[in-house]
Amino acid sequence: MVNTSHPAVTRVREALNAFGLAPDIRWFDDATPTAQAAAEALGIEVGAIANSLIFTLDGAPLLVLTSGAHRVDTVWLGEQLGGTIKRASADTVKDATGQVIGGVAPLGHPAPIRTLVDVALADYPTVWAAAGHAHTVFPTTFDELVRITGGEAVTVAPD
């Protein structure tokens, strides 16, 4: 039986509830720490997975929610944002989100994080995001992701 209780998942659920949302948080028997693993577990296209990637932009945490079918071009995106983007360390991810790599949710963090949402996610009627733990996901939409994160809809790599 899968444990369906975890403090980070509880914080994500509470944050979703604060926006008037009560999605079905799905727990998997096995961890789904990659977009491919989550897509396979759900039986969906990898592009419908909203990867939560933590970077730093000139040292400040930056959350990029990208389609599982894309890679973030950090040099290009940094130029668009007028700074330097680097991959965050595991400690920075944990400090910024209260969650660990592989289960980072788009919300439920100790403090707001500047968030960018990949416009490619708008191609899917339902997108799936981690819910604070590597064994969890929840369904949402592109528009909801932008709303609940206060995010900016952007292109994450050049065409």
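Strands β5 and β8 (residues 152–154) run parallel to each other, joined over three bridges; strands count as paired if DSSP finds at least two bridges between them. Helices (H or I, at least four residues) and strands (E, at least two) are DSSP runs, numbered from the N terminus. This is a predicted model, where local features need pLDDT of at least 70, side-chain atom pairs count only at pLDDT 80 or more, and totals for chains, interfaces and linings use all residues. Residues are numbered from 1 along each chain as its sequence is written, and side-chain values use heavy atoms, with hydrogens and water left out.

**Around strand β5**
- β5 spans residues 114–118, and four of its five residues are buried (under 20% relative accessible area; exposed is over 50%, partly exposed in between, with a 1.4 Å probe and protein chains only).
- β5 also pairs with strand β3 (residues 60–67), again in the parallel sense, over four bridges.
- Leu 116 is a handy reference point: Val 64 stands opposite this β5 residue, and its bridge partner in β8 is Glu 152.

**Ser 67, in β3**
- Ser 67 sits in strand β3 and is buried, at a relative accessible area of 2%.
- A polar atom of the Ser 67 side chain lies 2.8 Å from the backbone oxygen of Gly 47.
- Skipping neighbours within four places in sequence, Ser 67 is in contact (heavy atoms within 4.5 Å) with Gly 47, Ile 49, Asp 118, Ala 120 and Leu 121.

**Helix α4**
- Val 93, Ala 96 and Thr 97 are the buried residues to look at in α4 (residues 90–97).
- Looking down the axis of α4, the buried residues fall within an arc of 80°, so they line one face of the helix; the arc is that of the directions from the helix axis to the C-beta atoms.
- Asp 91 and Asp 95 are exposed, on the face turned away from the buried side.
- The cover over the buried residues of α4 includes β2 (49–57) and β3.

**Salt bridges**
- The count is three, taking a side-chain nitrogen of Lys or Arg within 4 Å of a carboxyl oxygen of Asp or Glu.
- Glu 152 and Arg 114 form one of them, with the closest N and O atoms 2.8 Å apart.
- Glu 152 is in β8 and Arg 114 in β5, so this pair ties together parts that are 38 residues apart in sequence.
- Glu 144 and Arg 147 meet at 2.9 Å, N to O; both lie in helix α5 (residues 142–149), three residues apart, about one turn of the helix.
- Arg 26 and Asp 24 meet at 3.7 Å, N to O, and Arg 26 is partly exposed at 36% relative accessible area.

Terms used
A polar contact is a pair of N or O atoms within 3.5 Å; within protein, one must be able to donate a hydrogen and the other to accept it, and residues adjacent in sequence count only if both atoms are side-chain atoms.
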